Amino acid sequence: MVSIFKVAEVYRGEIMESSHLGHIAVVDWKGKLLYSGGNPYRITYARSSIKPIQAIPIVETGTADRFHLSDADLALNCASHSGEIKHTNGILSMLRRGGIGVDSLQCGEHIPLRKDVYENLIKQGEKLTPLYNNCSGKHVGMLLTAIHMGEPLENYYKIEHPVQQRIIKTLSEIAKYPIDKIQIGIDGCGVPVHAMPLERLAYAFARMTKPKCLGEIRAKACERITNAMMNHSDLVAGTGRFCTEFMKTAKGRMFGKAGAEAVYLIGDKKTGIGVAIKIEDGNARAMYTVALEVLRQLDLITKEELEELRDYYMPKVRNARNEEVGRIVPSFTLQKC
């Protein structure tokens, strides 16, 4: 099996200065591997790409209904957000509904993904809190589920907690991958992170596009979550970010989610196809170019849609003076399986 597979080239002027290797799996909702690049069975941590599946128990347990979670709330539960006001206000609202505060979030702190949000915090003399962590929406969903189920809150992020056990069971069922084979690490926000073959991650997203195969209750949960993501894509990521712009352009057809270390998952509701991408060196600068090129080669995106997303498809390399000095271009052909 080919494991060295160049997916993108980085040019400075007319010289290729660097290149990125990667792995691609394209799977239909029935489980057939349709196309691949590199090693489609590479064991891969899903990172934040799997947040839509982590959100399923929020709906299935009745938590979403008890706390009156709207589609916007569910989009935030799936988010890697930028820390904009619309994000933090939504999370604060969910915390209030659960009768808990920001100090209940165990995701840790980091600088907001939007520079201007961080600059405003500095100007106002405010301290960073876990609220601005891009994973705080996921964490509040976990907390609300624990409250609803009468479970302890202080260790909701630990692998042995029922919240996390429900998540890993759900992922195992949707991906049809044995639970004892799922490898567990610790994510950047402290919760368990799951590793499995890239092909299984693509299959999981494919099944979410045709969820009737998952049973009535789970189908409704998947529909609710994926529709929430597509209808409120600005909450899944934020202003000027790929997930937001991609789902806006896809207009209710496709949902996508980025993960750290350059992982991207896509589900196409029209064809029932799931796509999973891993850039080998973990550099996200190549990830969106590759994702859009996969969709182009599969005829899942139009020329007009690619033009709308041109800043991500053929991104320009700029220097500190904001001058264009190069470009990133895709450099692969999918292999039919």
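This is a predicted model: local features need pLDDT of at least 70, side-chain atom pairs count only at pLDDT 80 or more; totals for chains, interfaces and linings use all residues.
A residue counts as buried when its relative accessible area is under 20%, and by that criterion C222, with a relative accessible area of 0%, is buried.

Three strands make up an open sheet, ordered β4-β6-β5, with antiparallel pairing. Its edges are formed by β4 (43-45) and β5 (183-186), each of which pairs on one side only, and neighbouring strands of the sheet are turned against each other by 30 degrees on average, direction ignored. Between β5 and β6 (residues 192-197) the antiparallel pairing extends over 4 bridges, and I186 has P192 of β6 standing opposite.

Two helices lie across strands of this sheet: α8 (residues 162-175) across β5 and β6, at about 15 degrees to β6, and α9 (residues 198-209) across β4 and β6, at about 105 degrees to β6.

| Cysteine | Closest cysteine sulfur | Sulfur distance | Relative accessible area |
|---|---|---|---|
| C107 | in C189 | 6.7 Å | 4% |
| C222 | in C213 | 8.4 Å | 0% |

Because its closest cysteine sulfur, in C189, is 6.7 Å away, the sulfur of C107 is too far for a bond; C107 is itself buried. The sulfur of C222 is likewise too far for a bond, because the closest cysteine sulfur, in C213, lies at 8.4 Å.

Key:
Residues are numbered from 1 along each chain as its sequence is written. Side-chain values use heavy atoms; hydrogens and water are left out. Two strands pair if DSSP finds at least two bridges between them. Axes are lines fitted to C-alpha atoms, for helices over the stretch in contact, and angles run from 0 to 180 degrees between N-to-C directions. Contact means heavy atoms within 4.5 Å. A disulfide is a pair of cysteine sulfur atoms within 2.5 Å. Buried means under 20% relative accessible area, exposed over 50%, partly exposed in between (1.4 Å probe, protein chains only).
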